[in-house]
Amino acid sequence: MNPVFLKAAPVLEKIETAGYEAYFVGGSVRDYLLGKDISDVDIATSATPMEIKGIFPRTADVGIEHGTVIVLYDGDSYEVTTFRSESDYEDFRRPSKVDFIRSLDEDLKRRDFRMNSMAMSKDGRIIDPFGGQEDIRSKRIATVGNPLERFYEDALRMMRAVRFASQLSFQIDGETYEALVSEAYLLEKIAVERKLAEFEKLLAGENSFMALKIMADTGLSQHLPGLAGKKQELISFAGRLDSGLLSEERWALLSAGLGHDFKTAESFLRSWKMPVKKIRQIGKILYWLQYRSVQNWTLESVYKAGAEAARNAERVLAATGDDSADEEVPVRLYASLPIRSTKELDVTGNDLIQWFNKPGGPWVKELLGQVENSIISGHLANKKEEIRGWLECNQS
């Protein structure tokens, strides 16, 4: 058995010794059967939260109202959740009522997809009442029970279905696919932040092309920020997307494909409620992508862009199909620069004020800029006395 399960097995054993059932559940069981890496596990139990707190001396109440307690054991933390049933999803996300139950099958029944609705005992026995193993063998994504009901309970499950298609290269079951088409409008009810998290994972998947085409063909993309009426642009973007691109590079490629430049992209990216820092990084890539679309890198432009943004822009340019793209070009130019930032100048504003015996003002910044440009272009050495002599000659 996987070492992660073996390390957590004593937690299940202690719960069982106290007279309750306990199993590994959800994505960790699925990934174990797929032979994928597992970083953590979730545990489901017939014990109530208070009963779990009575078994383990060290716990944390995180989501206890929904049956989840964090158990701290042997240097690790484990989410332990009571078997539960749910009803009346009023906001297309959270159930209005959660009932703690003692039945594992009833608990598994409320989950999203059959491949995620399996449990495993501490000794590796698989409990699979809904055919999750067969779905994994068939590389199929299908909901537990009626897909219309599952998607109405939590509309984000529609994006999760497509995200799993991207990550696992599984096909979406016919009935489930039809429900994606008919219930796509429900995505309007979901918080943008939750949609962003799923879309990011989808873009990073190995089969993002298929997944984005599903998003476009089902109409799900029509209910994502800035993508309404952009079906063809999204499909074109899907054809260019490389799973090796960084997240900021993917968003720059998408923004460019939608016709945004570094100025108009900000509004589009903000509509996704993306962090401001990331928006600025993407905008910088787009700025230099626009520059590269009309001219080649120079020492001056690479200095202004910085090595990272220049390389980002070059990678996005390559994804657009531009044969001139070569990410090593700006890297080599950057490596040959005599200085990498203003901080490396061998003079300061105070030096200039002292040399010219004038009060500070905009002229200081202007002169420092001239010095900086001359050093970068190779016309001036970055040595204080040479800079002083150059300034005196050029300012006389």
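**Labels and their grounds**

Modeller: K273 is exposed, because its relative accessible area is 51% and the label applies to values over 50%. Please keep in mind throughout that this is a predicted model.

Colleague: What makes the phi of K273 worth a remark, and where does K273 lie?

Modeller: Most residues other than glycine have a negative phi. K273, which is not a glycine, has a positive phi of about 55°, and it lies in the loop between α13 (265-270) and α14 (276-292).

Colleague: Why is D74 called exposed, and what is its phi?

Modeller: The relative accessibility of D74 is 59%, and since exposed means over 50%, D74 counts as exposed. Its phi is near 50°, a positive value in a residue other than glycine, and D74 is found in the loop between β4 (68-73) and β5 (76-82).

Colleague: Which residues does the UniProt annotation "binding site" cover, and why is D40 called exposed but D42 partly exposed?

Modeller: The annotation, which comes from an unreviewed UniProt entry, covers D40 and D42. D40 has a relative accessibility of 53% and therefore counts as exposed, the cut-off being over 50%, whereas D42 has a relative accessible area of 35%, which falls between the 20% and 50% limits and so is called partly exposed. D40 sits in the loop between α2 (27-34) and β2 (42-45), while D42 is in strand β2. Not counting residues up to four places away in sequence, D40 is in contact with V4 and S28, and D42 touches Y23, F24, V25, S28 and E79.

Colleague: How do you know that helix α10 is largely enclosed by the rest of the structure?

Modeller: Eight of the 11 residues of α10 (residues 208-218) are buried, so the helix is largely enclosed, where buried means under 20% relative accessible area. Among the buried residues are M210, L212, I214 and M215, and the buried residues pack against elements including α7 (156-168), α9 (192-204) and α11 (231-240). After α10 comes G219, with a positive phi near 90°.

Colleague: What describes the packing of α19 and α20, and what kinds of residues make the contact?

Modeller: The axes of α19 (residues 362-376) and α20 (residues 384-395) come within 11 Å and cross at roughly 115°, and the crossing is right-handed. L367, Q370, V371, S374 and I375 in α19 meet I387, W390, L391 and Q395 in α20, and these contact residues divide into six nonpolar, three polar and no charged.

Notes. Residues numbered from 1 in each chain as written. Predicted model: local features only at pLDDT ≥ 70, side-chain atom pairs only at ≥ 80, totals over all residues. Heavy atoms only, no water. Axes fitted to C-alpha atoms, helices over the stretch in contact; angles between N-to-C directions. Helix = DSSP H or I, 4+ residues; strand = E, 2+ residues; numbered from the N terminus. Left-handed = near helix turned anticlockwise from the far one by under 90°. Contact = heavy atoms within 4.5 Å. Nonpolar A, V, L, I, M, F, W, Y, C, P; charged D, E, K, R; others polar. Buried < 20%, exposed > 50% of the residue type's maximum accessible area, 1.4 Å probe, protein only. UniProt positions renumbered as here; feature names shortened; annotations may be inferred.
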